[in-house]
Amino acid sequence: MDDGAAPRWLDDEQMRSWLRLQAVISLLPALLDQQLRRDADLTHFEYLTLAMLSQTEGRSLRMSDLARRTSATLPRLSHVARRLEDRGFLVRGPAPDDGRATVARLTGAGWEKVVASAPGHARAVLENVYDDLDRDDLHAFTRVLDAVLAHVDPHDAFGLHADERP
């Protein structure tokens with residue numbers, strides 16, 4: 001839609017920053033996936049799915065909520081959930097309050113998998129993201145991410161600000 005306004009362009013500093021963000025968005029998931037496949041026999045998305053369940057009360061979520069928290073479509077999540085179910089890491093069943101909805105629940109084996117996989121994943125995150133940042137960098141990085149998230153996730157779909165609400 002052309003509203004007659006002149007197009008907006010990134011200035012030189014914004015372009016340098018944008019290209020770096022694009023590189024991180026492209027490279028970091030592959031690094032995390034590689035570590036998890038090698039050390040835990042999980043994809044990064046499988047680990048994220050198990051980790052999201054592990055952080056909830058009752059270690060269970062409706063599939064729609066889990067899809068939101070993992071930024072996945074329901075078909076993609078259902079496919080991954082089936083694989084995790086086949087491996088004994090989660091079970092799916094009807095929601096107790098609405099039989100039309102499906103709930104995914106972490107099993108004991110799934111919990112053990114998350115616990116066993118978390119140290120290697122944390123190490124990979126530290127090595128690839130945080131080890132070269134000092135505390136001032138970390139605080140600035142968090143502020144920048146919060147500002148970007150305010151625009152791209154205004155409804156806090158990932159629940160990152162739930163602990164900050166009154």
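I started with Thr107, which is buried at a relative accessible area of 14% (buried is under 20%, exposed over 50%, partly exposed in between, with a 1.4 Å probe and protein chains only). The model is predicted, so I kept in mind that local features need pLDDT of at least 70, side-chain atom pairs count only at pLDDT 80 or more, and totals for chains, interfaces and linings use all residues. Residues are numbered from 1 along each chain as its sequence is written, and side-chain values use heavy atoms, with hydrogens and water left out.

I placed Thr107 in the loop between β3 (98–106) and α5 (108–130); helices (H or I, at least four residues) and strands (E, at least two) are DSSP runs, numbered from the N terminus. What does Thr107 touch, leaving aside neighbours within four places in sequence? I found Gly88, Phe89, Leu90 and Val91 in contact with Thr107 (heavy atoms within 4.5 Å). Its C-alpha sits 5.4 Å from that of Phe89, 18 residues apart along the chain. A polar atom of the Thr107 side chain lies 3.0 Å from the backbone nitrogen of Gly110.

Next, the helices. I read about 100° between α3 (residues 63–70) and α4 (residues 74–86), with axes 9 Å apart. I then looked up who meets whom: Met63, Ser64, Leu66 and Ala67 in α3 face Leu74, Leu77, Ser78 and Ala81 in α4.

Last, I listed the buried residues of α3: Met63, Leu66, Ala67 and Thr70. These pack against α2 (44–54), β1 (60–62), α4, β2 (90–95) and β3. Just after α3, I noted Ser71 with a positive phi of about 55°.

Conventions:
Polar contact = N/O pair within 3.5 Å; in protein donor to acceptor, adjacent residues only side chain to side chain. Axes fitted to C-alpha atoms, helices over the stretch in contact; angles between N-to-C directions.
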